[in-house]
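This report goes through selected local features of one protein chain.

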Amino acid sequence: MGIVAGLDSSSAFTRIVVCDADTGAVLRQGYAPHPVEPKAVEIDPQAWLLSLGEAATGGLLEGVQAIGVSAQQHGLVALDQQGNLVRPALLGNDRRAQVAAADLIDALGGRQSWAEAVGSVPQSGQPVSKLRWMARTEPEHAQRVAAVMQPHDWLVWQLLGRPARRTTDRGGASGTGYWSAGAGAYRPDLVELALGHQCALPEVLGPADAAGTTPEGLLISAGTGETMAAAFGLGVAVGDAVVSLGASGSVMAVHHEALADPSGMITSFADATGMHLPVVHTLNAVRALRGTAEMLGLEDLGELSALALKSTPGASGLVLLPYLEGERTPQLPHTAGTLSGLRRESMKPEHLARAAFEGMLCSLADALDVLRGRGVDVRRVFLLGAAAELPAVQAAAPAIFGAQVVVPQPADYAALGAARQAAWALGVAQGTLSPQAPPAWQGAAAQIFEPGDEAPVGQAVRQQYAATRDQIHPGAFGA
């Protein structure tokens with residue numbers, strides 16, 4: 001069918017993959033960092049274009065027929081009536097809107113009202129909260145805002161030469177806080193509630209739609225957010241969950257419908273295929289491992305993993321509740337971590353190391369159970385992040401999660417997902433693919449781990465963890 005490219009403009013860099021449109025085989029790759037200060041919370045979006053241009057040098061895009069764009073989520077690009085920037089783009093890691101988010105929750109009548117309206121409760125990173133922050137702290141800027149976009153919307157618009165029509169996709173829109181994945185529609189009243197007035201919002205395209213064609217004849221697909229693009233690049237489907245191991249953690253799964261959750265533990269995203277991606281976040285994951293390694297005087301997580309494997313499942317009764325930064329799942333924002341079960345025989349470094357791994361995985365299993373409790377089918381768990389390569393994680397995760405665990409080889413999955421979307425839009429435009437069925441690219445190369453005979457042992461570890469959690473935080477997950 002041809003050659004397509006996927007570009008992923010993350011918070012720190014641009015990655016580009018050029019792929020065979022039929023098979024997904026990677027033909028060429030490009031990379032360039034963003035010219036941005038570390039931990040910056042706002043940026044001139046022209047930096048994204050400079051990075052893109054640098055990543056595409058050397059004829060990287062020669063012969064490419066279609067491009068898909070993935071980009072960092074929860075950024076906000078505010079434009080005036082002429083389409084010019086009102087102020088630098090606000091980034092997803094900007095936490096200045098925490099008070100604004102709380103204001104919005106109260107203004108609509110509480111968490112349940114928001115969950116029912118758009119499938120999520122405002123968080124500081126979301127565009128809806130950023131708009132409220134701007135209205136409160138930069139009213140002169142807020143008054144000039146005539147249109148708002150997210151990073152992937154803005155990049156697609158720039159690639160197409162800034163046409164009158166501005167577009168987004170379901171995945172990106174579902175993270176704004178003013179588009180409902182359940183209803184498939186914007187809530188302009190929530191934009192007005194946040195900003196103080198109405199403004200133009202991008203048209204939401206379907207998964208296989210094209211945003212347009214460049215003057216050179218290059219087809220640009222709808223684009224999407226990084227989370228949705230990575231899920232599409234991995235090839236996850238109904239029955240699959242993705243557990244991401246960063247300093248904090250997240251669990252998302254493919255589901256056939258949006259899930260409104262009055263507690264706010266579930267964020268109801270849409271995916272890049274027409275399905276849904278309910279997500280549950282934890283505030284603590286690998287940070288619990290790093291803290292334990294420092295406590296034990298170890299150089300790195302590899303040493304912690306080797307030490308943990310000298311212990312046995314259950315860590316001789318030692319349980320670590322890894323709520324070091326408070327916790328979001330369950331909602332314990334002001335708590336701290338707890339080490340329980342100290343007895344003379346359990347007070348050994350290897351048992352503490354084991355308890356750290358089991359505590360992290362049990363906490364993520366709690367998050368997985370939030371989704372399972374709402375009818376989400378989970379038969380396979382994709383484990384992402386550098387910590388997924390640790391032997392102690394791979395040894396314990398299948399039994400604790402109660403599912404087959406897939407550890408994909410490291411790859412640019414968001415860029416691959418963007419390229420797959422480009423191939424889909426190209427195939428639909430050429431009449432070779434259906435809008436209902438994306439190209440059947442080969443799945444990610446991966447290691448597979450089964451619970452096997454260890455499943456009952458994993459459940460015993462979960463029970464020990466749950467008993468400790470419920471004793472120290474009774475009612476944390478409700479009745």
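## Cysteines

Is Cys-19 buried or exposed, and why? The model is predicted, and in it Cys-19 counts as buried because its relative accessibility is 0%. Cys-362 is buried as well, with a relative accessible area of 1%. The number of disulfides in the structure is zero.

## Aromatic pairs

A pair of aromatic rings is described by the distance of the centres and the angle of the planes. By the rule applied here, the structure has four aromatic pairs. One of them is formed by Phe-13 and Tyr-31, with 5.6 Å from centre to centre and 45° between the planes, and it is tilted. This pair links distant parts of the chain: Phe-13 belongs to strand 2 (residues 13-20) and Tyr-31 to strand 3 (residues 26-33), and the two are 18 residues apart. Tyr-31 has a relative accessible area of 45%, so it is partly exposed.

Another of the pairs joins Trp-48 and Trp-154. The ring centres of Trp-48 and Trp-154 are 5.8 Å apart and the planes stand at 75°, which is over the 60 degrees required, so the pair is edge-to-face. Here too, distant parts of the chain are linked: Trp-48 is in helix 1 (residues 46-55), Trp-154 is in helix 6 (residues 151-159), and 106 residues separate them. Both Trp-48 and Trp-154 are buried.

## A charge over a ring

Which ring does the charged end of Arg-15 sit over? The ring is that of Phe-13, and the charged end of Arg-15 is 4.6 Å from its centre.

## Backbone features in loops

The peptide bond that runs from Thr-329 to Pro-330 is cis, and its omega is near 5°. Pro-330 is placed in the loop between strand 20 (319-321) and strand 21.

Two residues other than glycine have a positive phi: His-74, at about 70°, and Ala-315, near 50°. His-74 is in the loop that connects strand 5 (66-71) with strand 6 (77-79). Ala-315 is in the loop between helix 11 (301-308) and strand 20. With 0% relative accessibility, Ala-315 counts as buried.

## Two C-alpha distances

How far apart in space are the C-alpha atoms of Ala-200 and Pro-188? They are separated by 9.2 Å, and in sequence the two residues are 12 residues apart. Ala-200 sits in the loop between helix 8 (188-195) and strand 12 (203-205). Its relative accessible area is 38%, so Ala-200 is partly exposed.

Leu-277 and Ile-266 are 11 residues apart in sequence, and their C-alpha atoms are 9.9 Å apart in space. Leu-277 is part of strand 19 (residues 276-282). With a relative accessible area of 1%, Leu-277 is buried, whereas Ala-200 is partly exposed.

Definitions and conventions
Residues numbered from 1 in each chain as written. Predicted model: local features only at pLDDT ≥ 70, side-chain atom pairs only at ≥ 80, totals over all residues. Heavy atoms only, no water. Disulfide = S-S within 2.5 Å. Buried < 20%, exposed > 50% of the residue type's maximum accessible area, 1.4 Å probe, protein only. Phe/Tyr/Trp six-rings, centres within 6.5 Å; stacked < 30°, edge-to-face > 60°. Helix = DSSP H or I, 4+ residues; strand = E, 2+ residues; numbered from the N terminus. Lys NZ or Arg CZ within 6 Å of the ring centre and 35° of its normal.
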